[in-house]
Amino acid sequence: MIYKDLLSSIGNTPIIKIKNIAPKNINLFVKAEYFNPGGSVKDRLALSIIEKAEKEGFLKPKQTVVEATSGNTGIGLAMVCACKGYPCVMTMPDSTSIERRKLMRFLGAKVLLTPASEGTTAAYNLAKKLCKKNKWFYAKQFENDANADIHEKTTAIEILNDFKELGLDYWVSGYGTGGTFSGVSRVLRDQSPKTKLVITEPENAQLVNSLIAQKRNQDGSPASAHDSWNPHPIQGWTPDFIPLVLQESIDNNYFDINIPVTGEDGIYWSHQLATNEGIITGISGGSTFAVAMKIADEAPNGSNILCMLADTAERYLTSALFEKIDSEMNDEEKEILSSI
Ligand SMILES: Cc1ncc(COP(=O)(O)O)c(C=O)c1O
């Protein structure tokens with residue numbers, strides 16, 4: 001397949017059936033977004049935001065693009081900007097992995113770090129200030145319509161087409177900005193109403209759950225979703241506020257099921273996917289898969305379940321995901337070597 005440029009290779013990611021670790025009576029599939037050229041689902045929104053801004057005249061040739069990002073959007077944007085000749089500057093919490101920052105810089109972007117203890121909000125405010133001061137183009141992934149729209153136009157249509165014959169019973173996704181969830185749900189609700197939409201979020205940052213439960217403070221006033229947020233290890237998921245892009249899902253009640261997950265479970269299932277299926281996905285992919293396995297355990301025989309895998313494990317080499325993976329030879333390996 002010959003592509004006219006790198007950006008044309010974004011999307012149309014494969015859906016892969018799980019062979020070895022799914023319950024026997026269930027058809028469990030993953031949509032491998034790490035097949036995108038920048039290694040994550042965020043390539044889609046990066047291209048969408050830039051092309052919409054170009055079309056509407058908000059982005060001029062050589063104008064700097066700025067964004068607050070925990071990594072994958074930064075890599076996607078840096079890739080699109082490199083291709084199209086825009087300088088770009090990313091702001092991100094200093095808890096995000098070294099390889100993400102280095103990849104952005106490798107693609108020619110500048111990376112400015114904010115304290116992790118101040119959450120995504122600090123990176124977001126810094127990007128806003130830079131945009132105002134320098135008249136840069138602020139991509140605003142958390143509120144830009146181009147985000148969910150590209151998932152409506154591409155991700156959702158790919159899913160519909162791929163399950164045209166089989167039918168889809170459950171679709172499982174986490175959220176960062178909510179672009180994937182809102183855009184895909186928009187289409188599945190309308191064109192595949194029998195599909196149950198399953199959202200997941202970190203167990204110690206249950207923003208959606210707290211909104212659904214309408215938690216209250218001791219004085220009876222509604223608790224803000226922020227009160228339910230704590231720093232969590234699932235990079236790319238659940239910022240410390242409800243993004244505008246996710247709000248559409250809340251307003252339209254797109255969630256049929258909400259199952260929280262721990263980072264430890266996510267890491268466990270990411271390893272299981274790698275060692276049993278050869279699937280290389282990050283902590284969030286493992287976390288989404290942990291929830292898909294819970295659904296699979298309860299679902300009726302013959303159910304078709306699709307789980308989103310947002311990115312590649314290679315983005316986590318210095319994170320908890322690889323903590324127990326040796327770089328030097330371990331005893332078992334030394335034994336093999338000494339046996340010859
Ligand atoms: C690493 C990572 N990036 C992005 C996303 C989803 O992004 P968004 O909600 O912004 O579409 C996820 C969600 O599963 C994720 O795990």
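I began with Asn253, which sits in the loop between helix H8 (244-251) and strand E9 (257-258). I took helices (H or I, at least four residues) and strands (E, at least two) as DSSP runs, numbered from the N terminus. Residues are numbered from 1 along each chain as its sequence is written. The model is predicted: local features need pLDDT of at least 70, side-chain atom pairs count only at pLDDT 80 or more, and totals for chains, interfaces and linings use all residues.

**Entry 1: positive phi**

I noted a phi near 55° for Asn253, a positive value in a residue other than glycine. Asn253 counts as exposed because it has 11 C-beta neighbours inside 10 Å. For burial I used C-beta atoms placed from the backbone: a residue is buried if 20 or more others lie within 10 Å of its own, exposed if 12 or fewer, and partly exposed in between.

Lys62, also not a glycine, has a positive phi near 70°. I located Lys62 in the loop between H1 and strand E3 (65-68). Lys62 is exposed, as 8 other C-beta atoms lie within 10 Å. Just after H1, I found Gly57 with a positive phi of about 80°.

**Entry 2: helix H1**

I checked the length of H1 against 1.5 Å a residue: its 15 residues should span 21 Å, and the end C-alpha atoms are 21 Å apart, which agrees. The expected span is 1.5 Å times one less than the number of residues.

I then listed the buried residues of H1: Lys42, Asp43, Arg44, Leu45, Ala46, Leu47, Ser48, Ile49, Ile50 and Ala53. Their cover includes helix H2 (72-84), strand E6 (137-138), H5 and H6.

**Entry 3: H1 against H5**

Two packed helices are described by the angle between their axes and the distance between the axes. For H1 (residues 42-56) and H5 (residues 145-162) I recorded an angle of about 115° and axes 9 Å apart. The axes are lines fitted to C-alpha atoms over the stretch in contact, and angles run from 0 to 180 degrees between N-to-C directions.

H1 supplies Arg44, Leu45, Ser48, Ile49 and Lys52 to this contact, and H5 supplies Ala146, Asn147, Asp149, Ile150, His151, Thr154 and Thr155. Contact here requires C-beta atoms, placed from the backbone, within 7 Å. By class I noted four nonpolar, five polar and three charged residues in the contact of H1 with H5. Ala, Val, Leu, Ile, Met, Phe, Trp, Tyr, Cys and Pro count as nonpolar, Asp, Glu, Lys and Arg as charged, and the others, Gly among them, as polar.

**Entry 4: two loop residues**

I found Gln141 in the loop between E6 and H5. Gln141 is buried, with 27 other C-beta atoms within 10 Å. Leaving aside residues up to four places away in sequence, Gln141 touches Leu45, Ile49, Glu67, Thr73, Asn147 and Thr177.

Gly85 lies in the loop between H2 and strand E4 (88-93). Gly85 counts as exposed, with 8 C-beta neighbours inside 10 Å. I read 40 Å between the C-alpha atoms of Gly85 and Ile305, which are 220 residues apart along the chain.

**Entry 5: the ligand shell**

Which residues come nearest to the ligand? Of the 22 around it, I listed Gly176, Thr180, Gly236, Ser284 and Ala310. A residue counts as near if its C-beta atom, placed from the backbone, lies within 6 Å of the molecule. H6 (179-191) and H10 (283-298) each supply at least two residues of the shell. The largest share, three residues, comes from H6. By class, I recorded six nonpolar, 14 polar and two charged residues in the shell.

Note on methods:
Two residues are in contact if their C-beta atoms, placed from the backbone, lie within 7 Å.
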